Amino acid sequence: MIKGWVAGRRDHGGLIFIDLRDRSGIMQVTLNPDNHPDAHAIAESVRSEWVLEIEGTVESRPEGTQNNSMATGTIELNANRLVVLNESLTPPFYIQDDIDVDESLRLRYRYLDLRRPSMYKILELRSKVTKFIRDFLDAKGFLEVETPILIKSTPEGARDFLVPSRMQPGSFYALPQSPQQLKQLLMVSGIEKYYQIARCFRDEDLRADRQPEFTQLDLEMSFVSEDDVLDLTESLYTEMIKTILPDKKLTCPFPKLTYKQAIDDYGSDKPDLRFDLKMINITEIASKTTFNVFLNTIKSGGQIKAIVVPKEGSASNNVIRQLTKLAGDCGAPGLAHIRFKGEEILFSPGLSLDNSLLEELRNTVKVTGSDLVLIMGGPQSSLNSTFSAFRTGVAIQFDLIEPDSLAFAFITSFPLFEWDTTGKRWTSSHHPFTAPRDEDMPKLNSGDFENIDSKAYDLVCNGMELASGSIRIHDRATQQKIFEILGHQKADIKERFGQMLEAFEYGAPPHGGIAPGIDRLIAILSDTDSIRDVIAFPKTQSGNDLLFGSPAVVDDVQLRDLGINLNNT
RNA sequence: GGCCCCGUGGUGUAGCGGUUUAACAUAUUGCCCUGUCACGGCAAAGAUCGUCGGUUCGAAUCCGAUCGGGGUCGCCA
């Protein structure tokens with residue numbers, strides 16, 4: 001006996017075929033009027049998405065009627081009894097994979113959208129991943145601890161979602177941006193190894209990879225070094241993927257790049273390492289040319305960088321045109337190139353290098369054969385982001401991305417502080433509890449804040465930031481010093497972080513952790529572009545839930561209870 | 001907050017100032033059909049073109065505003 005939804009029905013006048021779908025797949029049911037007229041009669045009225053219960057015998061299909069494009073294509077259920085458990089309206093869109101329907105319609109009827117096998121597969125993958133995480137960390141002695149969803153607003157970083165208090169009108173809870181402070185307090189409590197699959201909330205503008213509420217694996221350990229955290233993270237990911245998705249290709253051990261290396265080589269702190277295409281600084285060589293575009297860029301403080309696309313030296317003019325357009329789309333003012341085409345060398349218009357300079361370039365960028373060299377210039381900051389985007393485009397253009405590859409890498413030694421040019425103050429690049437690197441500790445007092453590196457690290461994969469963490473500060477004096485540098489007033493510090501500082505005076509162990517984003521991980525593992533596809537009930541870019549219609553106005557009574565007046569603007 | 005793209009029967013598209021009674025596919029409904037699996041055949045029904053305003057003799061088509069969706073920059077400790 002099987003139960004499920006009608007995915008399709010083919011009525012041949014006599015014989016009726018019904019494709020019945022349940023979460024395990026699709027099974028063809030045959031109804032023959034000669035053998036079981038009652039069941040056949042009911043089947044005549046059945047429509048798409050009706051819910052049926054069917055009894056019969058599973059048989060192999062007659063010779064010549066097998067369907068190789070279907071998992072159950074060699075068998076069928078010969079029905080002798082059919083019960084309609086429920087009827088269905090005609091669905092607003094097809095319940096099948098590879099549909100091309102407006103996303104807002106899918107979200108409006110999300111329960112039908114999730115009925116599609118590909119969506120089920122994603123939810124199933126997600127469930128397997130979180131189960132694997134729990135089993136893995138449990139086996140390593142971690143304790144899963146839940147932390148409150150109603151906490152206190154600590155304005156710093158992202159905007160908080162606020163929840164008004166009825167019992168104390170005028171006061172508000174905040175939803176946690178992450179359980180950061182709570183997990184550090186758990187370290188002070190002696191938990192030693194904590195984790196939680198935690199919901200986080202940030203009231204910021206949304207993107208394909210950002211939702212107002214999202215899920216992180218939050219974890220923290222006492223008495224650990226940076227390498228301890230990274231090793232654990234690496235084995236979690238590699239074993240997870242080996243177990244759940246053995247066909248994915250990954251490189252182990254994960255490469256470690258410092259922040260500076262990542263920026264220098266790839267122009268990004270989340271480089272896509274599925275392909276090489278390193279940026280090479282050729283400012284010095286460019287300064288010796290007579291090419292005015294380069295010279296002017298250098299004169300105004302800019303740099304010239306190149307990438308080598310191996311074996312593409314014979315790229316056509318048309319390809320060069322496409323690349324030039326791509327460069328423009330990425331924000332570059334222009335694109336110069338050199339095509340090494342065997343003995344022949346083609347320069348982009350206006351550019352030329354004499355033999356010795358050409359040799360120098362060849363050695364610097366390591367041209368070995370018939371390669372294509374692409375060159376861009378600009379002010380350092382914008383050149384990096386432009387080049388980084390361009391790099392990805394070039395990889396797509398020349399098909400350099402191997403399918404199913406997962407290029408993980410750790411990015412380490414982020415700067416501890418960033419200068420906020422609008423606020424004219426130092427801010428934490430990670431968060432204010434991040435420890436400086438030991439060798440940079442003296443700079444906290446010497447004032448060379450810009451050059452203090454931190455014990456913060458990210459895990460990146462395929463050009464996306466997947467996790468972020470740090471070794472924390474555990475002594476009060478250093479923490480106090482950091483707050484001072486960040487420009488917090490004493491009263492202010494006490495108000496926002498008093499509970500942390502106080503706790504740290506009662507024997508806080510050295511500790512550190514990491515917080516891998518679950519939504520982005522599932523998106524990468526399931527080859528989807530948007531994390532909306534891996535969240536059962538996501539919100540739109542403007543934060544609307546199209547199914548429930550939230551956010552929504554509430555009763556005056558509810559507002560009055562909360563002591564809230566709306567100003568009707 | 002800025003910039004860009006999209007909005008036409010249930011769904012996906014075409015039409016981009018007047019031969020349009022808005023086209024096509026699919027879904028839907030009815031009839032026919034006993035081995036299909038994107039079943040097939042015949043027929044029917046179904047959209048005042050997101051909304052409001054303007055330009056014009058005439059607007060799905062041009063302009064403006066607005067709403068909804070998407071992408072992106074800012075933002076996201």
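1. Let's start with Glu359, which comes out as partly exposed, with a relative accessibility of 39%. Its salt-bridge partner is Arg362, and the closest N and O atoms of the two are 3.7 Å apart. Arg362 is also partly exposed, at 25%. Both residues sit in helix 11 (residues 355-365), three residues apart, so about one turn of the helix lies between them. Keep in mind that this is a predicted model.

2. Elsewhere, salt bridges with shared partners link up into a single network made of Arg106, Arg110, Asp113, Arg116 and Asp533. Searching the whole structure turns up 38 salt bridges.

3. Have a look at Lys183 and Asp218 too: their closest N and O atoms are 2.9 Å apart in a salt bridge. Because Lys183 belongs to helix 5 (residues 180-188) and Asp218 to strand 10 (residues 213-222), this pair ties together parts that are 35 residues apart in sequence. Both Lys183 and Asp218 are buried.

4. Asp19 is buried at 13% relative accessible area, whereas Arg10 is partly exposed at 33%.

5. On to the barrel: five strands close it in the order 1-2-3-5-4, with mixed pairing. From one strand to the next, the twist averages 50°. Strand 1 (residues 2-11) runs antiparallel to strand 4 (residues 51-60), with four bridges between them, and Lys3 stands opposite Glu53 of strand 4.

6. Finally, the domains. Chain A splits into domain 1 (2-86), domain 2 (275-401) and domain 3 (414-454 + 475-508). The C-alpha centres of domain 1 and domain 2 are 61 Å apart.

Notes
Residues numbered from 1 in each chain as written. Chains lettered and ligands numbered in written order. Predicted model: local features only at pLDDT ≥ 70, side-chain atom pairs only at ≥ 80, totals over all residues. Heavy atoms only, no water. Domains from an automatic or database assignment. Pairing = 2+ DSSP bridges. Helix = DSSP H or I, 4+ residues; strand = E, 2+ residues; numbered from the N terminus. Axes fitted to C-alpha atoms, helices over the stretch in contact; angles between N-to-C directions. Salt bridge = Lys/Arg side-chain N within 4 Å of Asp/Glu carboxyl O. Buried < 20%, exposed > 50% of the residue type's maximum accessible area, 1.4 Å probe, protein only.
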